[in-house]
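Subject: Structure handover

Hello,

Here is the structure we talked about. Please open it first, then read my notes alongside it.

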Amino acid sequence: MRDSPDRTLTEAVVATTAPAAVIPAGVDGLAPAEQAYVQRRLGAGFWISAGWVLLVILAALFAGILPLQDPTAIGDNAPRLGPTAGHLLGTDELGRDLLARVIYGARISLIVGFSAIAFGILVGGGVGLVAGFYGGRLDAGLNGLSTVLLAFPALIFLLTVVTFLGQNLFVVAFTLGVLSVAPIARIIRANTLVYANREFVLAARALGARNRRILLLEIVPNVLPAVLAFSLVAIAVVIVAEGALSFLGLSVRPPTPTWGGMIAEGGQVLAQDGFVALWPSLTMFLTVLALNFAGDRLQAYFAVREGGL
Amino acid sequence: MRFLAARLGQFVVVLIVVSAVAFLLLNRLPGNPVITLLGPAATPQAIALLTQQLGLDRPAWLRYFIWLGNALHGNLGSSYVNHQPVLTLINQRLPVTLELLLLSQLIALALAVPLGILSALRPNRILDKLSSGAAFGLLSVPGFILAELLVYLFAVRFNLFPATGYVHLTENPLENLRSLTLPSLTLGLGSMAVYMRVLRTDMIATLQQDFITMARSKGLPTWWILMRHALRPSTFTLVTVGGLNVGTLIGGAFIIEYIFQVPGLGLLTISSIYARDYLVVTSATVIVAGGFVLVNLLVDLFYTFLDPRVRSARFA
């Protein structure tokens, strides 16, 4: 069976808390019987998911302009208000507006998620393309390297590096980006292998194209759709990982609001007021769900297009 | 047999590289156990003395080889912080983590296997749609959110299970299970969703094969066909994913142990990272990485049990 991009979701999901613990598992998202039913449409679910992600991005982007309270101001309001007209989501233990904190918290999650995966795709993508295209010893060497990297416990690596190098946005994003390199390289390598020996590559070679031209103009455009779909799922994985870090108090330091940090704070007052933990949990869940769903739909969509060629 | 030898060789290489990376990484980073022990107000003389006593004045690569040599003789060194042998610490903590992992996987399989089979039996019908949707949703719930949700439901709302704390198995087996219920449920539900999805997919493919039609035409009851004929050939991906899931699972277990204050390997590792207790962290890293590689080696061997054709191809 074709090395289909469908399987990337399962892999990413296997890596929910440890982004590096992914090895292509040979899992197809759909059984053969179902593949016939897949429609050439993204469906309403995709657009709802994309809409939600866009909403979160816009809110985070324009948080400064929106009529929000200062997310870090302590004591301006009564603590644990519960949802009211003045505070749509209520306030936390220290009287901080939860809506403002959830929106400002989205900034950290989104910046870390997008920049880590951008780094992972640039570095891991390059390595995967080269390994899959040239093959041979280079491929074997890189494969061995990624086996070791994948065996290294991601969480220990993450905790250690962040603890020692400092809890700031750059270190968190960079470390998660480094952890994403090996799994992304594996997936892009697998996708490259599918195309490396196809007729159009042979044709380009026959026309005298050099390796670099073939890689950039023949392989990359074909691999790109699958990578795009996968990257959405990968961003979700990183957002969860950052959430776990900030839940442990190891991401960006307070008072900067983070979803994981808010959930941990809410956990302390779970018995008194469930809302404090509910809002960041719900926002995070919906964002991760939307990214996963959109990525899943895109994978199916591109797989069909590919099959139709 | 050559296959086995190659895989064991790979196992050893991975362990050595992982331990070296962990050891050197920890030593490259700022801060060290001496400062943890003496506090920020220590005099330079005291720091120098203790550094020498602990052997920390020697270069990191030399200390790594000393540690590796001792480790090969079964001695993982002692904690810098409380001087307990690392092996003793790990012997205390590892069984707790293993019990947590075992319970979580039992829960995951007990839910995933029946649900996966039933979904595959009638794909795209109501049960399938519900369980697939639930699995997809469950996969988007981070472990720490699920943990808080379960704590809220089962500890705060209905006081059924304790939210934190751990009772040792030898003290009170029943309380031990009770104290591990929420942690293992949190961990198990995440795996359950993954397992259900892959089992369902494989099972749908298996049920379309000729030997199933054959079994049906012989008039065998459906449950017999499912359990005796279809299940075993449908578990390949499940077993593979289960093996790969170990890495995620251990990462998840660490966080879950922290949330529920279960004194396992994860809690030990997290506190040792804070204390810069290099040897404990290195040893824990090696054990986790070794466990990951070992489980995946076992998974490869298990294929021969699942499908005799693999055996003849590999051992011929």
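Start at Ser104(B). Leaving aside residues up to four places away in sequence, Ser104(B) touches Ser184(B), Leu187(B) and Gly188(B). Keep in mind that this is a predicted model. Ser104(B) sits in helix α5 of chain B, which covers residues 86-121.

Is Ser104(B) buried or exposed? Its relative accessible area is 0%. Buried means under 20%, so Ser104(B) counts as buried.

Next, the aromatic rings. A pair of aromatic rings is described by two things: the distance of the centres and the angle of the planes. How many aromatic pairs does a search of the whole structure find? Over all chains, there are 13.

One of them joins Phe293(A) and Phe136(B). Their centres are 5.8 Å apart, and the planes are at 85 degrees. Planes over 60 degrees apart count as edge-to-face, so this pair is edge-to-face. The pair crosses between chains. Phe293(A) belongs to helix α11 of chain A (residues 275-308), and Phe136(B) to helix α6 of chain B (residues 126-139). Look at how open each ring is. Phe293(A) is partly exposed, with a relative accessible area of 29%. Phe136(B) is buried, at 11%.

Another pair is Tyr64(B) with Phe65(B). The centres lie 5.6 Å apart, with 65 degrees between the planes, and this pair is edge-to-face. Tyr64(B) is buried, with a relative accessible area of 5%. Phe65(B) is exposed, with a value of 51%.

In chain A, find Phe119(A), Phe170(A) and Phe174(A). These residues form one aromatic cluster.

Last, two helices of chain A. Helix α9 (residues 211-247) packs against helix α10 (residues 259-268). Their axes are 7 Å apart, at an angle of about 45 degrees. The crossing of α9(A) and α10(A) is right-handed.

Which residues make the contact? From α9(A), they are Ile239(A), Gly243(A), Ser246(A) and Phe247(A). From α10(A), they are Trp259(A), Gly260(A), Gly261(A), Ile263(A) and Ala264(A).

Best wishes

Definitions and conventions
Residues are numbered from 1 along each chain as its sequence is written. Chains are lettered from A and ligands numbered from 1 in the order in which they are written. This is a predicted model: local features need pLDDT of at least 70, side-chain atom pairs count only at pLDDT 80 or more; totals for chains, interfaces and linings use all residues. Side-chain values use heavy atoms; hydrogens and water are left out. Helices (H or I, at least four residues) and strands (E, at least two) are DSSP runs, numbered from the N terminus. Buried means under 20% relative accessible area, exposed over 50%, partly exposed in between (1.4 Å probe, protein chains only). Contact means heavy atoms within 4.5 Å. Rings of Phe, Tyr and Trp (its six-membered ring) pair if their centres lie within 6.5 Å; planes under 30 degrees apart count as stacked, over 60 as edge-to-face and the rest as tilted. Axes are lines fitted to C-alpha atoms, for helices over the stretch in contact, and angles run from 0 to 180 degrees between N-to-C directions. A crossing is left-handed if the near helix is turned anticlockwise from the far one by less than a right angle, and right-handed if clockwise.
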